[in-house]
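Biologist: I've got a model open and a handful of things I'd like to pick apart with you. Let's take it question by question.

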Amino acid sequence: FHAAVSSSSPVEAILDMQGYNDVTASSLEDNLVGGSKACLIVVEAAFAALGKLMSTPAGRGQVERDLNVCGAASSPPILQDPRSRALLLEGAADPLIPQSNDPACTHPVCDIRRQCALLTNTTLGTPLQRLAELNHIARGGECLNANYFEMLDGLKNEALADDRTDRVWFYQTCSEFAFYQTCDPGSKCPFTSLPHLNTVESYTSLCTLVFGIEHSTVAELVNQTNAVYGGRDISATRIVWINGLIDPWRAQAVTKSLDPTARPAIIVPGASHHFWTHPALPSDSPYVVKARLQIAEFVTAALAEPKDDSDSDSQAANPPPAVSLSSTPRDRQGTMVKGSVGKRLAKLRQETRKAKNADPTNYILDNNRLPGVPLAPFQVPVIE
(Lines give C-alpha, C1' and ligand atoms only; values in the text may rest on other atoms or scores of the structure.)
Protein backbone atom coordinates (compact mmCIF):
# COMPACT_ATOMS: atom_id res chain seq x y z
CA PHE A 1 0.00 0.00 0.00
CA HIS A 2 1.16 3.53 -0.75
CA ALA A 3 -0.44 5.12 2.33
CA ALA A 4 -3.01 4.35 5.01
CA VAL A 5 -5.53 6.00 7.34
CA SER A 6 -5.54 4.18 10.66
CA SER A 7 -8.84 4.99 12.37
CA SER A 8 -9.17 4.01 16.04
CA SER A 9 -6.69 1.15 15.68
CA PRO A 10 -5.52 -0.53 18.90
CA VAL A 11 -2.24 -1.64 17.33
CA GLU A 12 -0.52 -2.78 20.52
CA ALA A 13 -1.95 -6.10 21.71
CA ILE A 14 -2.09 -6.49 25.49
CA LEU A 15 -3.22 -9.16 27.93
CA ASP A 16 -4.56 -6.92 30.70
CA MET A 17 -6.15 -3.88 29.04
CA GLN A 18 -6.62 -1.70 32.12
CA GLY A 19 -6.50 1.35 29.88
CA TYR A 20 -9.90 0.59 28.33
CA ASN A 21 -11.82 1.34 31.52
CA ASP A 22 -9.35 4.06 32.55
CA VAL A 23 -10.36 5.96 29.40
CA THR A 24 -14.00 5.19 30.16
CA ALA A 25 -13.57 6.94 33.51
CA SER A 26 -12.05 10.06 31.97
CA SER A 27 -14.81 10.10 29.34
CA LEU A 28 -17.56 10.10 31.97
CA GLU A 29 -16.18 13.35 33.38
CA ASP A 30 -15.47 15.01 30.03
CA ASN A 31 -17.74 18.07 29.93
CA LEU A 32 -17.37 18.36 26.16
CA VAL A 33 -19.66 15.31 25.79
CA GLY A 34 -21.88 16.10 28.76
CA GLY A 35 -19.89 14.29 31.42
CA SER A 36 -18.82 15.68 34.78
CA LYS A 37 -16.85 14.85 37.87
CA ALA A 38 -20.15 14.48 39.71
CA CYS A 39 -21.30 11.89 37.16
CA LEU A 40 -18.11 9.86 37.55
CA ILE A 41 -18.45 9.94 41.34
CA VAL A 42 -22.01 8.58 41.10
CA VAL A 43 -20.90 5.74 38.84
CA GLU A 44 -18.04 4.83 41.18
CA ALA A 45 -20.39 4.92 44.20
CA ALA A 46 -23.01 2.76 42.47
CA PHE A 47 -20.53 0.05 41.52
CA ALA A 48 -18.88 0.15 44.95
CA ALA A 49 -22.30 -0.49 46.48
CA LEU A 50 -22.89 -3.26 43.95
CA GLY A 51 -19.60 -4.88 45.00
CA LYS A 52 -20.57 -4.84 48.68
CA LEU A 53 -23.94 -6.46 47.97
CA MET A 54 -22.18 -9.24 46.04
CA SER A 55 -20.51 -10.46 49.25
CA THR A 56 -23.63 -11.98 50.85
CA PRO A 57 -26.50 -14.18 49.63
CA ALA A 58 -29.03 -11.58 50.79
CA GLY A 59 -27.17 -8.83 49.00
CA ARG A 60 -26.98 -10.86 45.80
CA GLY A 61 -30.71 -11.46 46.02
CA GLN A 62 -31.28 -7.71 46.22
CA VAL A 63 -29.02 -7.19 43.17
CA GLU A 64 -31.00 -9.77 41.19
CA ARG A 65 -34.21 -7.89 41.95
CA ASP A 66 -32.86 -4.35 41.51
CA LEU A 67 -31.15 -5.05 38.19
CA ASN A 68 -33.87 -7.41 36.94
CA VAL A 69 -31.53 -10.36 36.43
CA CYS A 70 -32.93 -13.07 34.16
CA GLY A 71 -33.92 -16.18 36.09
CA ALA A 72 -33.69 -14.42 39.44
CA ALA A 73 -35.97 -17.02 41.06
CA SER A 74 -33.92 -20.00 39.84
CA SER A 75 -32.34 -22.56 42.17
CA PRO A 76 -29.46 -22.42 42.80
CA PRO A 77 -29.42 -18.62 42.48
CA ILE A 78 -27.78 -17.26 39.33
CA LEU A 79 -25.31 -15.14 41.28
CA GLN A 80 -24.18 -17.98 43.51
CA ASP A 81 -21.40 -18.64 40.99
CA PRO A 82 -18.72 -15.90 41.06
CA ARG A 83 -18.35 -16.19 37.30
CA SER A 84 -21.97 -15.15 36.89
CA ARG A 85 -21.31 -12.26 39.26
CA ALA A 86 -18.48 -11.11 37.00
CA LEU A 87 -20.82 -11.35 34.02
CA LEU A 88 -23.44 -9.28 35.82
CA LEU A 89 -20.91 -6.54 36.60
CA GLU A 90 -19.96 -6.40 32.92
CA GLY A 91 -23.60 -6.23 31.91
CA ALA A 92 -24.42 -3.47 34.37
CA ALA A 93 -21.48 -1.42 33.09
CA ASP A 94 -22.18 -2.04 29.42
CA PRO A 95 -24.57 0.91 28.81
CA LEU A 96 -21.90 3.29 30.17
CA ILE A 97 -19.09 2.26 27.81
CA PRO A 98 -18.44 5.31 25.57
CA GLN A 99 -17.06 3.36 22.60
CA SER A 100 -20.15 4.12 20.50
CA ASN A 101 -21.09 7.46 22.06
CA ASP A 102 -23.15 9.48 19.58
CA PRO A 103 -24.50 12.92 20.58
CA ALA A 104 -27.02 12.72 17.72
CA CYS A 105 -28.70 9.59 19.09
CA THR A 106 -32.33 9.76 20.21
CA HIS A 107 -32.74 7.05 22.87
CA PRO A 108 -33.28 8.42 26.41
CA VAL A 109 -29.89 7.18 27.76
CA CYS A 110 -27.97 6.60 24.54
CA ASP A 111 -25.01 8.91 25.17
CA ILE A 112 -22.91 10.28 28.01
CA ARG A 113 -24.86 13.54 28.23
CA ARG A 114 -28.20 11.79 28.76
CA GLN A 115 -26.71 9.13 31.03
CA CYS A 116 -25.07 11.69 33.30
CA ALA A 117 -28.24 13.76 33.44
CA LEU A 118 -30.04 10.71 34.85
CA LEU A 119 -27.21 9.58 37.13
CA THR A 120 -26.84 12.99 38.78
CA ASN A 121 -30.59 13.32 39.36
CA THR A 122 -30.80 12.81 43.13
CA THR A 123 -34.61 12.52 43.06
CA LEU A 124 -34.15 9.04 41.57
CA GLY A 125 -32.69 7.61 44.78
CA THR A 126 -29.27 6.26 45.70
CA PRO A 127 -26.46 5.96 43.13
CA LEU A 128 -27.21 2.23 42.81
CA GLN A 129 -30.92 2.90 42.28
CA ARG A 130 -30.04 5.42 39.57
CA LEU A 131 -27.74 2.87 37.92
CA ALA A 132 -30.58 0.32 38.03
CA GLU A 133 -32.94 2.83 36.42
CA LEU A 134 -30.39 3.57 33.69
CA ASN A 135 -30.01 -0.16 32.96
CA HIS A 136 -33.77 -0.64 32.90
CA ILE A 137 -34.17 2.13 30.30
CA ALA A 138 -31.14 1.05 28.26
CA ARG A 139 -32.44 -2.54 28.01
CA GLY A 140 -35.97 -1.50 27.18
CA GLY A 141 -37.27 -3.26 30.27
CA GLU A 142 -35.69 -6.61 29.33
CA CYS A 143 -33.88 -8.63 31.98
CA LEU A 144 -30.11 -8.69 32.33
CA ASN A 145 -28.71 -12.12 31.45
CA ALA A 146 -25.87 -12.95 33.85
CA ASN A 147 -25.92 -16.73 33.45
CA TYR A 148 -22.29 -17.75 32.94
CA PHE A 149 -23.14 -21.24 31.74
CA GLU A 150 -25.53 -19.97 29.08
CA MET A 151 -22.82 -17.63 27.86
CA LEU A 152 -20.30 -20.49 27.82
CA ASP A 153 -22.66 -22.72 25.83
CA GLY A 154 -23.13 -19.90 23.33
CA LEU A 155 -19.37 -19.53 22.81
CA LYS A 156 -19.00 -23.29 22.35
CA ASN A 157 -21.73 -23.34 19.69
CA GLU A 158 -19.90 -23.74 16.35
CA ALA A 159 -22.95 -23.06 14.17
CA LEU A 160 -22.29 -20.35 11.60
CA ALA A 161 -24.64 -17.40 11.19
CA ASP A 162 -24.35 -13.88 9.84
CA ASP A 163 -25.34 -12.34 13.16
CA ARG A 164 -22.91 -14.42 15.24
CA THR A 165 -19.57 -12.69 15.67
CA ASP A 166 -19.04 -13.27 19.38
CA ARG A 167 -17.30 -16.66 19.01
CA VAL A 168 -15.11 -15.51 16.12
CA TRP A 169 -14.04 -12.33 17.91
CA PHE A 170 -13.41 -14.17 21.16
CA TYR A 171 -11.18 -16.67 19.35
CA GLN A 172 -9.19 -13.75 17.99
CA THR A 173 -8.70 -12.39 21.51
CA CYS A 174 -7.48 -15.80 22.67
CA SER A 175 -5.15 -16.37 19.72
CA GLU A 176 -3.81 -12.89 18.92
CA PHE A 177 -4.76 -9.75 20.80
CA ALA A 178 -6.35 -10.49 24.21
CA PHE A 179 -7.48 -6.89 24.94
CA TYR A 180 -9.15 -8.15 28.14
CA GLN A 181 -10.94 -5.18 29.68
CA THR A 182 -10.38 -5.74 33.37
CA CYS A 183 -11.40 -3.71 36.41
CA ASP A 184 -8.32 -4.06 38.59
CA PRO A 185 -7.87 -2.58 42.07
CA GLY A 186 -5.60 0.46 41.86
CA SER A 187 -6.62 1.29 38.30
CA LYS A 188 -8.92 4.16 37.32
CA CYS A 189 -11.72 1.75 36.41
CA PRO A 190 -15.01 3.33 37.61
CA PHE A 191 -16.77 -0.01 37.96
CA THR A 192 -16.53 -2.76 40.61
CA SER A 193 -12.94 -3.67 41.47
CA LEU A 194 -13.71 -5.11 44.92
CA PRO A 195 -14.47 -7.95 44.90
CA HIS A 196 -12.03 -8.39 42.05
CA LEU A 197 -14.10 -10.46 39.64
CA ASN A 198 -13.31 -9.02 36.18
CA THR A 199 -9.76 -10.33 35.92
CA VAL A 200 -7.51 -11.48 33.10
CA GLU A 201 -8.02 -15.04 34.32
CA SER A 202 -11.81 -14.70 34.08
CA TYR A 203 -11.28 -14.28 30.33
CA THR A 204 -8.41 -16.66 29.67
CA SER A 205 -10.23 -19.44 31.53
CA LEU A 206 -12.88 -19.15 28.80
CA CYS A 207 -10.15 -19.49 26.16
CA THR A 208 -9.24 -22.81 27.76
CA LEU A 209 -12.82 -24.05 28.11
CA VAL A 210 -13.92 -23.01 24.61
CA PHE A 211 -10.79 -23.40 22.46
CA GLY A 212 -8.34 -25.35 24.61
CA ILE A 213 -5.91 -22.39 24.73
CA GLU A 214 -4.20 -22.09 28.10
CA HIS A 215 -3.54 -18.79 29.89
CA SER A 216 0.23 -19.01 29.33
CA THR A 217 -0.33 -19.61 25.62
CA VAL A 218 -2.62 -16.58 25.33
CA ALA A 219 0.11 -14.43 26.91
CA GLU A 220 2.71 -15.84 24.53
CA LEU A 221 0.49 -15.24 21.50
CA VAL A 222 -0.01 -11.61 22.53
CA ASN A 223 3.77 -11.13 22.59
CA GLN A 224 4.05 -12.87 19.24
CA THR A 225 1.40 -10.61 17.70
CA ASN A 226 3.33 -7.50 18.76
CA ALA A 227 6.60 -8.99 17.53
CA VAL A 228 5.19 -9.86 14.12
CA TYR A 229 3.19 -6.67 13.48
CA GLY A 230 5.29 -4.22 15.46
CA GLY A 231 2.68 -2.90 17.89
CA ARG A 232 3.27 0.81 18.37
CA ASP A 233 6.75 0.26 16.92
CA ILE A 234 5.29 -0.43 13.48
CA SER A 235 7.92 0.53 10.94
CA ALA A 236 5.70 1.57 8.02
CA THR A 237 5.42 5.20 6.96
CA ARG A 238 2.71 7.31 5.27
CA ILE A 239 0.22 6.40 7.99
CA VAL A 240 -2.03 8.89 9.74
CA TRP A 241 -3.12 7.64 13.16
CA ILE A 242 -6.45 9.09 14.29
CA ASN A 243 -8.24 8.37 17.55
CA GLY A 244 -11.19 9.76 19.47
CA LEU A 245 -10.41 11.15 22.91
CA ILE A 246 -13.35 9.33 24.54
CA ASP A 247 -12.77 6.05 22.68
CA PRO A 248 -11.50 3.44 25.17
CA TRP A 249 -9.58 1.70 22.36
CA ARG A 250 -7.18 4.64 22.16
CA ALA A 251 -5.47 3.14 25.22
CA GLN A 252 -3.67 0.74 22.85
CA ALA A 253 -3.34 3.09 19.87
CA VAL A 254 -0.63 5.39 18.54
CA THR A 255 -1.55 8.75 20.04
CA LYS A 256 1.72 10.67 19.67
CA SER A 257 3.22 11.59 16.32
CA LEU A 258 6.34 9.51 15.68
CA ASP A 259 6.87 11.71 12.63
CA PRO A 260 4.53 14.71 12.14
CA THR A 261 4.81 14.39 8.36
CA ALA A 262 5.08 10.68 7.57
CA ARG A 263 3.32 9.30 10.66
CA PRO A 264 1.18 12.02 12.26
CA ALA A 265 -1.22 11.31 15.12
CA ILE A 266 -4.55 13.07 15.51
CA ILE A 267 -6.61 13.10 18.68
CA VAL A 268 -10.23 14.16 18.17
CA PRO A 269 -11.82 15.70 21.30
CA GLY A 270 -15.28 14.38 22.09
CA ALA A 271 -15.12 11.65 19.44
CA SER A 272 -15.86 7.97 20.02
CA HIS A 273 -14.68 4.95 18.03
CA HIS A 274 -13.90 6.03 14.39
CA PHE A 275 -16.74 8.58 14.59
CA TRP A 276 -15.34 10.61 11.65
CA THR A 277 -16.00 7.62 9.35
CA HIS A 278 -19.76 7.95 9.93
CA PRO A 279 -21.86 9.77 7.34
CA ALA A 280 -21.55 13.52 7.87
CA LEU A 281 -24.38 15.18 9.80
CA PRO A 282 -25.12 18.82 10.65
CA SER A 283 -24.75 17.85 14.32
CA ASP A 284 -21.13 16.74 13.90
CA SER A 285 -18.78 18.64 16.20
CA PRO A 286 -16.21 21.01 14.66
CA TYR A 287 -13.51 18.65 15.90
CA VAL A 288 -14.91 15.78 13.83
CA VAL A 289 -15.27 18.07 10.81
CA LYS A 290 -11.67 19.20 11.22
CA ALA A 291 -10.47 15.59 11.54
CA ARG A 292 -12.01 14.73 8.18
CA LEU A 293 -10.22 17.71 6.62
CA GLN A 294 -6.91 16.65 8.17
CA ILE A 295 -7.33 13.12 6.82
CA ALA A 296 -8.10 14.49 3.35
CA GLU A 297 -5.03 16.73 3.50
CA PHE A 298 -2.82 13.83 4.54
CA VAL A 299 -4.14 11.49 1.84
CA THR A 300 -3.83 14.17 -0.83
CA ALA A 301 -0.23 14.88 0.16
CA ALA A 302 0.64 11.18 0.35
CA LEU A 303 -0.80 10.45 -3.10
CA ALA A 304 1.25 13.30 -4.53
CA GLU A 305 4.46 11.64 -3.36
CA PRO A 306 6.26 9.30 -5.77
CA LYS A 307 6.06 5.64 -4.94
CA ASP A 308 9.24 4.35 -3.33
CA ASP A 309 9.76 1.12 -5.27
CA SER A 310 13.54 0.89 -5.06
CA ASP A 311 13.39 -2.63 -3.68
CA SER A 312 9.79 -3.57 -4.50
CA ASP A 313 10.85 -6.33 -6.89
CA SER A 314 13.10 -7.99 -4.34
CA GLN A 315 10.46 -7.64 -1.63
CA ALA A 316 7.81 -9.21 -3.86
CA ALA A 317 10.08 -12.17 -4.55
CA ASN A 318 11.35 -12.41 -0.95
CA PRO A 319 8.83 -10.82 1.42
CA PRO A 320 10.17 -9.92 4.88
CA PRO A 321 9.65 -12.88 7.24
CA ALA A 322 7.54 -12.78 10.35
CA VAL A 323 9.32 -11.88 13.56
CA SER A 324 9.43 -14.28 16.50
CA LEU A 325 8.95 -13.49 20.17
CA SER A 326 12.55 -12.32 20.41
CA SER A 327 13.37 -8.68 19.70
CA THR A 328 16.06 -9.96 17.31
CA PRO A 329 14.73 -10.30 13.73
CA ARG A 330 14.13 -13.98 13.02
CA ASP A 331 12.38 -16.00 10.36
CA ARG A 332 9.32 -18.23 10.71
CA GLN A 333 11.50 -21.10 11.95
CA GLY A 334 13.11 -18.90 14.62
CA THR A 335 16.45 -18.55 12.85
CA MET A 336 18.08 -15.13 13.03
CA VAL A 337 17.42 -13.11 9.90
CA LYS A 338 20.73 -11.99 8.47
CA GLY A 339 21.66 -9.76 5.56
CA SER A 340 19.65 -6.82 4.25
CA VAL A 341 16.25 -7.93 5.59
CA GLY A 342 17.50 -8.36 9.14
CA LYS A 343 19.43 -5.09 9.03
CA ARG A 344 16.42 -3.24 7.66
CA LEU A 345 14.13 -4.55 10.43
CA ALA A 346 16.67 -3.72 13.13
CA LYS A 347 17.27 -0.23 11.72
CA LEU A 348 13.58 0.55 11.50
CA ARG A 349 13.03 -0.53 15.09
CA GLN A 350 15.93 1.61 16.25
CA GLU A 351 14.66 4.66 14.35
CA THR A 352 11.17 4.22 15.77
CA ARG A 353 12.45 4.05 19.35
CA LYS A 354 14.54 7.20 18.79
CA ALA A 355 11.50 9.00 17.38
CA LYS A 356 9.50 8.10 20.48
CA ASN A 357 12.03 9.89 22.66
CA ALA A 358 12.02 13.00 20.50
CA ASP A 359 9.72 15.96 21.03
CA PRO A 360 6.64 14.90 19.00
CA THR A 361 4.31 17.38 17.35
CA ASN A 362 0.68 16.59 17.94
CA TYR A 363 -1.45 17.29 14.90
CA ILE A 364 -4.53 18.33 16.83
CA LEU A 365 -2.76 21.25 18.51
CA ASP A 366 -2.83 23.19 15.24
CA ASN A 367 -6.32 24.67 15.49
CA ASN A 368 -5.93 27.42 12.89
CA ARG A 369 -8.67 25.91 10.73
CA LEU A 370 -11.28 26.57 13.40
CA PRO A 371 -11.05 30.19 14.51
CA GLY A 372 -13.17 30.84 17.57
CA VAL A 373 -13.50 27.15 18.46
CA PRO A 374 -11.23 26.45 21.44
CA LEU A 375 -9.96 22.98 22.13
CA ALA A 376 -11.48 21.35 25.18
CA PRO A 377 -8.92 20.78 27.93
CA PHE A 378 -7.41 17.35 27.59
CA GLN A 379 -4.10 15.60 27.90
CA VAL A 380 -2.81 13.11 25.40
CA PRO A 381 -1.40 10.07 27.23
CA VAL A 382 2.35 9.60 26.96
CA ILE A 383 3.19 6.29 25.35
CA GLU A 384 6.32 4.72 26.81
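Modeller: One definition before we dig in: helices (H or I, at least four residues) and strands (E, at least two) are DSSP runs, numbered from the N terminus. Also keep in mind that this is a predicted model.

Biologist: Okay, where is serine 8 placed?

Modeller: Serine 8 is buried, at a relative accessible area of 3%. Its phi is positive, about 55 degrees, although serine 8 is not a glycine. As for its place, that is the loop between E1 and strand E2 (14-16).

Biologist: And what is the relative accessible area of arginine 238, which also has a positive phi?

Modeller: Phi of arginine 238 is near 55 degrees, and this is a residue other than glycine. Most residues other than glycine have a negative phi. Arginine 238 sits in the loop between H10 and E4. The cut-off for buried is under 20%, so arginine 238 makes it as a buried residue, with a relative accessible area of 17%.

Biologist: How many helices and strands does the protein have?

Modeller: The protein has 384 residues, of which 43% count as buried. Among contacts between residues at least 6 apart in sequence, 70% join residues at least 24 apart. The tally of elements is 13 helices and five strands.

Biologist: In what order do the three strands of the open sheet come?

Modeller: Start with the pairings: E1 and E4 run parallel, joined by four bridges, and E4 and E5 pair in the parallel sense over four bridges. Strand E1 (4-7) and E5 each have a single partner strand, so they stand at the edges with one side left without a neighbour in the sheet. Neighbouring strands are turned by 20 degrees against each other on average, direction ignored. The order is E1-E4-E5.

Biologist: Which residue in E5 stands opposite asparagine 243?

Modeller: Let's walk across the sheet. Serine 6 stands opposite tryptophan 241 in E4, and isoleucine 242 stands opposite isoleucine 266 in E5. For asparagine 243, the residue opposite is isoleucine 267.

Biologist: How many of the residues of E4 are buried?

Modeller: In a regular strand the side chains alternate between the two faces of the sheet. In E4, Ile239, Trp241 and Asn243 point one way, while Val240, Ile242 and Gly244 point the other way, and all are buried. That makes the buried count in E4 six of six.

Biologist: How many residues apart in sequence are the parts tied together by phenylalanine 179 and tryptophan 249?

Modeller: This pair is edge-to-face, 5.3 Å centre to centre with 85 degrees between the planes. Tryptophan 249 is buried too, at 10% relative accessibility. Phenylalanine 179 lies in strand E3 (residues 178-180) and tryptophan 249 in the loop between strand E4 (239-244) and strand E5 (265-268), so the distance in sequence is 70 residues.

Biologist: Which residues do ring pairs link into a cluster?

Modeller: Put together with one tyrosine, the cluster holds Tyr20, Phe177, Phe179 and Trp249.

Biologist: Last one: what is omega for the cis peptide bond that joins leucine 194 and proline 195?

Modeller: Most peptide bonds are trans. A cis bond joins serine 75 and proline 76, with omega about 0 degrees, and proline 76 is in the loop between helix H3 (57-66) and helix H4 (82-93). Proline 195 is in the loop between E3 and helix H9 (200-211). For the cis bond from leucine 194 to proline 195, omega is about -5 degrees.

Notes: Residues numbered from 1 in each chain as written. Predicted model: local features only at pLDDT ≥ 70, side-chain atom pairs only at ≥ 80, totals over all residues. Heavy atoms only, no water. Phe/Tyr/Trp six-rings, centres within 6.5 Å; stacked < 30°, edge-to-face > 60°. Buried < 20%, exposed > 50% of the residue type's maximum accessible area, 1.4 Å probe, protein only. Pairing = 2+ DSSP bridges. Axes fitted to C-alpha atoms, helices over the stretch in contact; angles between N-to-C directions. Contact = heavy atoms within 4.5 Å.
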